[in-house]
Amino acid sequence: VVQQATAQQLSRIFDVHFSESSYGFRPNRSAHQAIEKVLDYLNEGYEWVIDMDIEKYFDTVHHDKLISTLRERVKDRE
């Protein structure tokens with residue numbers, strides 16, 4: 001419950017800063033919407049689609065820097 005409540009609060013703060021092209025694990029976004037966007041790009045003449053999975057990326061994040069970045073936007077010392 002605590003993890004979900006925290007995630008909801010952080011999503012409200014950070015979601016506006018994410019790329020419009022990001023669909024994975026975002027509120028009110030779905031795989032179907034991502035596919036529709038890809039089809040729009042194909043119809044505009046684009047020929048390449050890049051799908052990235054950064055599953056292992058979090059293992060390489062410098063956690064002190066991450067906490068520092070969170071503190072810049074989240075105004076709650078606790």
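Colleague: Is Phe-25 buried or exposed?
Modeller: Phe-25 counts as exposed, at 91% relative accessibility, where exposed means over 50% relative accessible area, buried means under 20%, and partly exposed is in between, with a 1.4 Å probe and protein chains only. This is a predicted model, in which local features need pLDDT of at least 70, side-chain atom pairs count only at pLDDT 80 or more, and totals for chains, interfaces and linings use all residues. Residues are numbered from 1 along each chain as its sequence is written, and side-chain values use heavy atoms, with hydrogens and water left out.

Colleague: Okay, and where is Phe-25 placed?
Modeller: Phe-25 is in the loop between helix 1 and helix 2, helices being DSSP runs of H or I with at least four residues (strands are E runs of at least two), numbered from the N terminus.

Colleague: What's the phi of Phe-25?
Modeller: The phi of Phe-25 is near 55°, a positive value in a residue other than glycine. Most residues other than glycine have a negative phi. Asn-28, also not a glycine, has a positive phi of about 60°; Asn-28 is found in the loop between helix 1 and helix 2 and is exposed, with a relative accessible area of 75%.

Colleague: What about Arg-26, buried or exposed?
Modeller: Arg-26 counts as buried, at 8% relative accessibility, and this residue is found in the loop between helix 1 (2-14) and helix 2.

Colleague: Which backbone oxygen does the side chain of Arg-26 reach?
Modeller: The side chain of Arg-26 reaches the backbone oxygen of Ser-19 at 2.8 Å, and the backbone oxygen of Ser-22 lies 2.8 Å from a polar atom of that Arg-26 side chain. A polar contact here is a pair of N or O atoms within 3.5 Å; within protein, one must be able to donate a hydrogen and the other to accept it, and residues adjacent in sequence count only if both atoms are side-chain atoms.

Colleague: How many salt bridges are there?
Modeller: The count comes to two salt bridges, each defined as a side-chain nitrogen of Lys or Arg within 4 Å of a carboxyl oxygen of Asp or Glu. Asp-15 forms a salt bridge with Arg-26, with the closest N and O atoms 2.9 Å apart. Asp-15 and Arg-26 are eleven residues apart, each in the loop between helix 1 and helix 2, and Asp-15 is partly exposed, with a relative accessible area of 22%. Arg-29 and Glu-20 also meet through their side chains in a salt bridge, at 3.0 Å from N to O; Arg-29 counts as partly exposed at 22% relative accessibility, while Glu-20 is exposed at 59%.

Colleague: Switching to the surface, which residues form the negative patch?
Modeller: The negative surface patch is formed by Asp-51, Asp-53, Glu-55 and Asp-59. Patches are made of residues with over 30% relative accessible area and no salt bridge, joining like charges within 9 Å and nonpolar side chains (Val, Leu, Ile, Met, Phe, Trp, Tyr) within 5 Å.

Notes. Accessible areas come from the Shrake-Rupley method with a 1.4 Å probe; for residues, only the protein chains shown count as cover. Lys and Arg count as positive and Asp and Glu as negative; His and the chain ends are not counted. The place of a charge is taken as NZ of Lys, CZ of Arg, CG of Asp or CD of Glu.
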